[in-house]
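Please examine the sequence and the structure shown below before reading the briefing.

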Amino acid sequence: MLRNRTGLVLVTALTPAIWGTTYLVTTELLPPGRPLLAAVLRALPAGLLLVAITRCLPRGIWWWRALVLGALNIGVFFALLFVGAYRLPGGVAATVGAIQPLLVALLSAGLLGERLTWRTMVAAVAGVAGVGLLVLRADARLDMLGVAAALGGAAVMAVGVVLSKRWQSPAPLLATTGWQLVAGGLLLVPVALVVEGAPPATLSGANVAGYAYLSLIGAALAYALWFRGLRVLSATKVTFLGLLSPVVATALGWIVLGQELTAAQAFGAVVVLAALAAAQLQPSRPRPAAPRVPLDEPEPAGRRA
């Protein structure tokens, strides 16, 4: 049982690891200044593909539930992420977003009845501190609208994660994943058109490859693994895995792009991984107390000298 659970955690952890490659793919393969277009092309084609494969549409209450979850996990989250990323340095946005595990832990205690432990709280605070050491710069500037957007994005996805756990769909996993990607992508289309205008008339081969990677791997595969983990694991444990994203992004920047990696960043990565590991530990259960023998009860005959 423990081996199966560990395997499921490792498979679910592939999702934030994949998300951690988004920065590299965006900077190296995609046209500059079009993050909302990237969000649309990441979500909508992947969702339509999964719906076409499963040939399963929502029924009953799942029409509006799919819309709500798609908005929270993808549409509204991506839009707020875009605002935060443009108004804040990347390190500030990532550090503010790292508060999400704490929000999920608090919401899970209230809505899902999950136990809120001191270890979880300390791990959540340590995770924020570790991400700060990993990506925050001393000259980072603060913008209140950007901070509000980053906080809003973390809160929106935290609610989406908890509701995804609370609302267990009877449909196949790939179908429910596809519904959310389609709903989120459709919500992003008008936002992208208003903010960024029409898509570019031509795309290079590198652009097409980048968009294909974000859609097939970064969305279809990653979100399917994410929602699969949510079906079995606790929402709090799953969302802590999201702390892997800045670790992977920083590692790729160092390995592939030749960016500097300081001792403080390395220590921050260790803190993040330690917080993540601590959050995955099962809560210890008190051992059952040994039965107490009344003092006036006679000892069994076999124990008498």
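Predicted model: local features only at pLDDT ≥ 70, side-chain atom pairs only at ≥ 80, totals over all residues.

Residues are numbered from 1 along each chain as its sequence is written, and side-chain values use heavy atoms, with hydrogens and water left out.

**Nonpolar cores**

- A nonpolar core is a set of buried Ala, Val, Leu, Ile, Met, Phe, Trp, Tyr and Cys residues joined through side-chain atoms within 4.5 Å; buried means under 20% relative accessible area, exposed over 50%, and partly exposed in between (1.4 Å probe, protein chains only).
- The largest such core has 51 residues, and Leu181, Tyr223 and Trp226 have the most contacts inside it.
- Two or more residues of this core are given by each of H1, H3, H4, helix H8 (144-166), helix H9 (173-196), helix H10 (205-232) and helix H11 (235-240); helices are DSSP runs (H or I, at least four residues), numbered from the N terminus.
- H4 supplies the largest share of this core, nine residues.
- Another core lies apart from it, with 14 residues, including Val131, Phe240, Leu243 and Ala269.

**Residues Leu181 and Thr12**

- Not counting residues up to four places away in sequence, Leu181 touches Ala43, Leu44, Ala46, Gly47, Leu50, Ile74, Ala219, Ala220 and Tyr223; contact means heavy atoms within 4.5 Å.
- Thr12 belongs to helix H1 (residues 2-19) and counts as buried because its relative accessibility is 1%.
- With residues up to four places away in sequence again not counted, Thr12 touches Leu225, Trp226, Gly229, Leu233, Val238 and Leu241.

**Helix H13**

- Helix H13 (residues 263-280) has 18 residues and reaches 26 Å from its first C-alpha to its last, close to the 26 Å expected at 1.5 Å a residue; the expected span is 1.5 Å times one less than the number of residues.
- Buried residues in H13 include Gln265, Gly268, Ala269 and Val271.

**Residue Arg55**

- Arg55 lies in the loop between helix H3 (35-54) and helix H4 (62-87), and is exposed because its relative accessible area is 78%.
- The phi of Arg55 is near 50°, a positive value in a residue other than glycine.
- Most residues other than glycine have a negative phi.

**Surface patch**

- Tyr23, Trp254, Ile255, Val256, Leu257 and Leu261 make a nonpolar surface patch of about 590 Å².
- Tyr23 is found in helix H2 (residues 22-29) and counts as partly exposed because its relative accessibility is 48%.
- Accessible areas come from the Shrake-Rupley method with a 1.4 Å probe, and for residues only the protein chains shown count as cover.

Terms used
Patch = residues over 30% accessible without salt bridge, like charges linked within 9 Å, V, L, I, M, F, W, Y side chains within 5 Å. Salt bridge = Lys/Arg side-chain N within 4 Å of Asp/Glu carboxyl O.
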